[in-house]
Amino acid sequence: MRETFDIASWTGPFDADTRTRAQTALENGSVLYFPNLAFRLGNSEMGFLDARLTDGKAKNISLDHTSGKIQGTSAVGEDAVRLAAMIERFGAGATEFVTGLLPGYAGLERARTSYRPVEVEGRAYSVISDDRLLHVDAFPSRPMQAGRRILRFFANVAPVKANGGGKRRWHVGEPFEPFARKFVPRLRPHFPGKSWLYGKLGVTRGQRSAYDEMMLSLHDAAKLDADYQNNSPQSAVEFPPGSCWLVYTDMVLHAVLAGEFALEQTFHLDVAQMGEPGRAPIRVLEKLTGKMLG
Ligand code: SIN
Ligand code: FE
């Protein structure tokens, strides 16, 4: 469920036992937890602990490290440049850490970096975009085609509070296979024509595969099922200020109930690069449906 690592340094080398344990636990669907790995803000960055930094529309502020473009923020001019620099410092550090911890994942791709400065608890969302409900991640506009994995690294950068507050509180659900077994029979069939059109129109970056459609449907179906939300097996996990965690969010059912000020780096990885590719959601779904989905 949650596997703790006593690492306090952002740079390796990490010993072979630690690396093996990390990759195996991740692929088995654990959340890797780093209680002593703190991402510290500089004095000049403390002002970024402010929910008003979002533009009020997007859930998160996000940075594309390839273009340096920042989105979803109300910050402008010099402030926006400094905010982007803080997010980039985190993203580069997270990438060094994760590639050092998981050297077997040679083709790991660094994707977007995000900053989440708004308190999750009490915020208003539509059901489908409400991450306080258990779900697996699937991005509507970014197809994973042949089952590319979504691996995410988080840091809680909220100030340490004397009363033990500032924790990011998650629920983690049952393993992927029993979850998929419940929902797959209810899903509607995939229409390749729609995926082709979305690709052509630029609604999606590339074409959605049957796997992408199925993951989006699973994401939505889980969130829309109040009985599943309330009664399925789940356990509470807390990440205090000054900690980090790493998880395959396309496989691990998760919900974020409360917390403010988190940074997040997304990575993608081809299924073939995994130590045990058979554990990838695409392989599990293919086994359950008897169809090729990529
Ligand atoms: C999510 O991926 O559902 C959000 C997690 C978080 O912001 O803590
Ligand atoms: Fe999520």
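These are my notebook entries on a predicted model.

**Ground rules.** Residues are numbered from 1 along each chain as written, and chains run from A and ligands from 1 in the order written. Local features need pLDDT of at least 70, side-chain atom pairs count only at pLDDT 80 or more, totals for chains, interfaces and linings use all residues, and side-chain values use heavy atoms, with hydrogens and water left out.

**Entry: the iron.** I looked up what holds the iron ion (ligand 2) and found His135 (NE2), Asp137 (OD) and His254 (NE2), at 2.1 Å. Donors here are N, O and S atoms within 2.8 Å of the metal (3.2 Å for Na, K and Ca); water isn't among the atoms, so sites may look incomplete. The donor spacing reads H-x1-D-x116-H. Asp137 sits in the loop between β5 (109-116) and β6 (149-156), while His254 is in strand β10 (residues 254-258), 117 residues apart. Helices (H or I, at least four residues) and strands (E, at least two) are DSSP runs, numbered from the N terminus. Are Asp137 and His254 buried or exposed? I found both buried (under 20% relative accessible area; exposed is over 50%, partly exposed in between, with a 1.4 Å probe and protein chains only).

**Entry: Leu197.** I found Leu197 in helix α4 (residues 192-201). Leu197 counts as partly exposed because its relative accessibility is 39%.

**Entry: the lining.** I checked which residues come closest to the centre of the largest pocket: Lys59, Asn60, Arg116, Phe139 and Arg152, out of 42 lining residues. A pocket is an open set of points on a 1 Å grid over the protein atoms alone, where a 1.4 Å probe fits, with protein on both sides within 12 Å along at least five of seven lines; lining residues have an atom within 4 Å of a point.
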